[in-house]
Amino acid sequence: MLRYFHTDPRFQTPEAAIVQLFVEAKRHQPSVVYIPSLTGWCAAVSETSRTTVRAMLDSLAPTDPVLLLAVVDGAFSQLPRDVKAWFGPTKDNRVALTRP
C-alpha cells in the first residue's frame, strides 16, 4: 500500500517535519522515503536539516524495510559531502541511469 505523508510547513520546522516523516515511515513499513530532486533539496535546506536526515537514517535498523530513494539530477560528486555519506562508501547503493 502506498501512503503519502505531507506535513504543513507553516506549523513546524523542517527538522520536525523530517523526524515526523521517518516516524511515519517506520510505523507503516515497508516504506519508501522519496526525494525527487536531491540536488535541489540540498540547495533549499539547511545543514541542520541534512544532519537530521542522517540521524534518522542512522536510527533505522538494518532489518527495517525503509528505502531512501533519491534522484540526483546531476553528478553525484557535486552533492555535499554529508549527503553523499548517506549512501555509503561503495557504489553498491547507487544506480546510474544513462540518457536513452
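Colleague: How many residues apart in helix 3 are arginine 54 and aspartate 58, and what is that in helical turns?

Modeller: Arginine 54 and aspartate 58 are 4 residues apart in helix 3, so about one helical turn separates them. Please note that this is a predicted model.

Colleague: What do arginine 54 and aspartate 58 form?

Modeller: They form a salt bridge, with the closest N and O atoms 3.1 Å apart.

Colleague: And are those two residues buried, partly exposed or exposed?

Modeller: Arginine 54 counts as partly exposed because its relative accessibility is 31%. Aspartate 58 has 53% relative accessibility, so it counts as exposed.

Colleague: How many salt bridges does the count come to?

Modeller: The count comes to 3 salt bridges. One of them joins the side chains of glutamate 24 and arginine 27, at 2.5 Å from N to O. Both of these residues belong to helix 1, where they sit 3 residues apart, or about one turn of the helix.

Colleague: Why does glutamate 24 count as buried?

Modeller: Its relative accessibility is 14%, and buried means under 20%. Arginine 27, by contrast, has a relative accessible area of 55% and is therefore exposed.

Colleague: Which residue forms a salt bridge with aspartate 82?

Modeller: That residue is arginine 50, and the closest N and O atoms of the pair are 3.0 Å apart. This pair links distant parts of the chain, since aspartate 82 lies in helix 4 (residues 81–84) and arginine 50 in helix 3, 32 residues apart.

Colleague: Is aspartate 82 buried or partly exposed, and what about arginine 50?

Modeller: Aspartate 82 is partly exposed, with a relative accessible area of 27%. Arginine 50 counts as buried because its relative accessibility is 13%.

Colleague: What does arginine 50 touch?

Modeller: Leaving aside residues up to four places away in sequence, arginine 50 touches Trp41, Cys42, Val45, Pro80, Asp82, Val83 and Trp86. Arginine 50 itself is placed in helix 3, which covers residues 47–58.

Colleague: Trp41 and Trp86 are on that list. Which aromatic cluster are they part of?

Modeller: They form one aromatic cluster together with Phe76 and Phe87. The structure holds 3 aromatic pairs. In the pair of tryptophan 86 and phenylalanine 87, the ring centres are 6.3 Å apart and the planes stand at 45°, so the pair is tilted.

Colleague: Why give both a distance and an angle?

Modeller: A pair of aromatic rings is described by the distance of the centres and the angle of the planes.

Colleague: Are tryptophan 86 and phenylalanine 87 buried or exposed?

Modeller: Both tryptophan 86 and phenylalanine 87 are buried.

Colleague: A change of topic, please. How many helices and strands does the chain have, and how do the elements run?

Modeller: The chain has 4 helices and 2 strands. Starting at the N terminus, the order of the elements is α-β-α-α-β-α.

Colleague: What should helix 1 span, and how far apart are its end C-alpha atoms?

Modeller: Helix 1 has 14 residues (residues 14–27) and, at 1.5 Å a residue, should span 20 Å; the end C-alpha atoms are 20 Å apart, which agrees.

Colleague: Which residues of helix 1 are buried, and what do they pack against?

Modeller: The buried residues of helix 1 are Glu15, Ala17, Ile18, Phe22, Glu24 and Ala25. They pack against strand 1, helix 2 (38–44), helix 3 and strand 2.

Colleague: What share of the chain do buried residues make up?

Modeller: Buried residues make up 25% of the 100 residues in the chain. The chain exposes about 7300 Å², and carbon and sulfur atoms supply 59% of that area.

Colleague: Which residues make the nonpolar surface patch?

Modeller: The patch is made by Val32, Tyr34, Leu67, Leu69 and Val71, and covers about 450 Å². Strand 1 (31–35) and strand 2 (66–70) are the elements that give two or more residues to it.

Colleague: Where does leucine 69 lie, and how accessible is it?

Modeller: Leucine 69 lies in strand 2. With 40% relative accessibility, leucine 69 counts as partly exposed.

Colleague: Lastly, what percentage of the contacts with a separation of 6 or more is between residues 24 or more positions apart?

Modeller: Residues 24 or more positions apart account for 72% of those contacts in the chain.

Conventions:
Residues are numbered from 1 along each chain as its sequence is written. This is a predicted model: local features need pLDDT of at least 70, side-chain atom pairs count only at pLDDT 80 or more; totals for chains, interfaces and linings use all residues. Side-chain values use heavy atoms; hydrogens and water are left out. Patches are made of residues with over 30% relative accessible area and no salt bridge: like charges are joined within 9 Å, nonpolar side chains (Val, Leu, Ile, Met, Phe, Trp, Tyr) within 5 Å. Accessible areas come from the Shrake-Rupley method with a 1.4 Å probe; for residues, only the protein chains shown count as cover. A salt bridge is a side-chain nitrogen of Lys or Arg within 4 Å of a carboxyl oxygen of Asp or Glu. Buried means under 20% relative accessible area, exposed over 50%, partly exposed in between (1.4 Å probe, protein chains only). Rings of Phe, Tyr and Trp (its six-membered ring) pair if their centres lie within 6.5 Å; planes under 30 degrees apart count as stacked, over 60 as edge-to-face and the rest as tilted. Contact means heavy atoms within 4.5 Å. The expected span of a helix is 1.5 Å times one less than its number of residues.
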